[in-house]
Amino acid sequence: MSVMKRMSAIMQAKANKVLDKAENPVDMLDLSYEKQAENLQKVRRAMADVTTAKKRLELQAQQLQAQADKLQDQAKQALSQGNEDLAREALSRRAGLAEQLQSLGTQHQQVETQQQQLENTATRLQAQVDAFRTKKETLKASYTASQAQASIGEAVSGISESMADAGATLDRAQDKIAQMQARASAVDELIDTGALPDALGGGGDDIQRQLDAASNQSQVDDELAALKSQMASPGLPSGSTPPAGSGDTEGAKP
Amino acid sequence: MIVRILGEGRYQVPEADLPVIEQLDDVLVDAIEREDDAAFAGALADVIGEIRHSGTRLDHDDMRTSELVVPHEGSTRAEVAALLAEG
């Protein structure tokens, strides 16, 4: 059966539920109006939540991007030291981060859609609250004057359908916000605990340690080679005391 | 005919456009049955595009109700299936 007809029936049922509490058409008008104004407040609050969720995603994306850039640099550095395994490790961690970043990007798009839908809903509700305020007073007057029950019924079902829409939009936004907050907390936790390893900064950075160690090692090798060549060079008495020290001091003096 | 897109608003859609919309509605039904997320997303985007294109927005003080209700733009198959299961 048609999805769009079933959706329509569901919205109608939701709308009727709201109005079950009203005892007569005039109460219905007031109740609809109150509910509508209430919905508008809720939509505004949800908009604030969506903005917060969006900022948080953006911040996390920045942090992850910085880590990804750092890993890229480390991979280059490792390669220049001739350590292909380490470069590979850095790049593979970077790939892990890229996945996270992509997922954050998707969420960011979703949050923007939510934002747009809530903004539309708020604008529409505001305009309807204003239009309905006038209309309900006119209808109330005509109801007491004559039998205008049908037109009240019509106005009320129209307005309650849009309340049901606002309600569904709110529910959906709140679900999305909750999902997003849960995922954001998970990413924060990963960043905090370093479970997305040292790649995510904080704590020790084992890739950096290996790079530093390699660079220290090559410095030591250079110094060793320098010493060896000094000792091997003619003119230096063999067995003379500290070759490095004596070499340095002699070299330093004019 | 009045069609509501949830989270967006109501449109007056010409009757002549109904066959196109109904056909896309059938695709939605089918996609839900086959649990085909991609087909669902495609048909939903198409039907929303069609309504926006051929329909006219209703004024806010127009209190008429809609005959058809289209899920929120970007809704997933699972979300809509859950909503339909509620009713």
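Ala, Val, Leu, Ile, Met, Phe, Trp, Tyr, Cys and Pro count here as nonpolar, Asp, Glu, Lys and Arg as charged, and the others, Gly among them, as polar. Keep that in hand for both exercises, which use a predicted model.

**Exercise 1. Find the residues that line the largest cavity and sort them by class.**

Step 1. Start with the count: there is one cavity of 30 Å³ or more. The volume of the largest cavity is about 30 Å³.

Step 2. Collect the lining. From chain A come A:Gln128, A:Gly158, A:Ile159 and A:Ser162; from chain B come B:Arg4, B:Arg10, B:His60, B:Asp62 and B:Met63.

Step 3. Ask which element gives the most. That is helix α4 of chain A (residues 149-193), with three residues.

Step 4. Sort by class. The lining of the largest cavity holds two nonpolar, four polar and three charged residues.

**Exercise 2. Describe how helices α2 and α5 of chain A cross, and what lies in their contact.**

Step 1. Take the axes of α2 (residues 25-80) and α5 (residues 206-232), both in chain A: they come within 10 Å and cross at roughly 25°.

Step 2. Name the arrangement. Angles under 35 degrees count as roughly parallel, so α2(A) is roughly parallel to α5(A).

Step 3. List the partners. On the α2(A) side are A:Leu71, A:Gln74, A:Gln77 and A:Ala78, and these meet A:Ile207, A:Gln208 and A:Leu211 in α5(A).

Step 4. Sort the contact by class: four of its residues are nonpolar, three are polar and none is charged.

How values were computed. Residues are numbered from 1 along each chain as its sequence is written. Chains are lettered from A and ligands numbered from 1 in the order in which they are written. This is a predicted model: local features need pLDDT of at least 70, side-chain atom pairs count only at pLDDT 80 or more; totals for chains, interfaces and linings use all residues. Side-chain values use heavy atoms; hydrogens and water are left out. On a 1 Å grid over the protein atoms alone, a cavity is a set of points where a 1.4 Å probe fits but cannot get out, and a pocket is an open set with protein on both sides within 12 Å along at least five of seven lines; lining residues have an atom within 4 Å of a point. Grid points are joined across faces, edges and corners, and a volume is the space filled by probe spheres set on the points. Helices (H or I, at least four residues) and strands (E, at least two) are DSSP runs, numbered from the N terminus. Axes are lines fitted to C-alpha atoms, for helices over the stretch in contact, and angles run from 0 to 180 degrees between N-to-C directions. Angles under 35 degrees count as roughly parallel, over 145 as roughly antiparallel, 65 to 115 as roughly perpendicular and the rest as oblique. Contact means heavy atoms within 4.5 Å.
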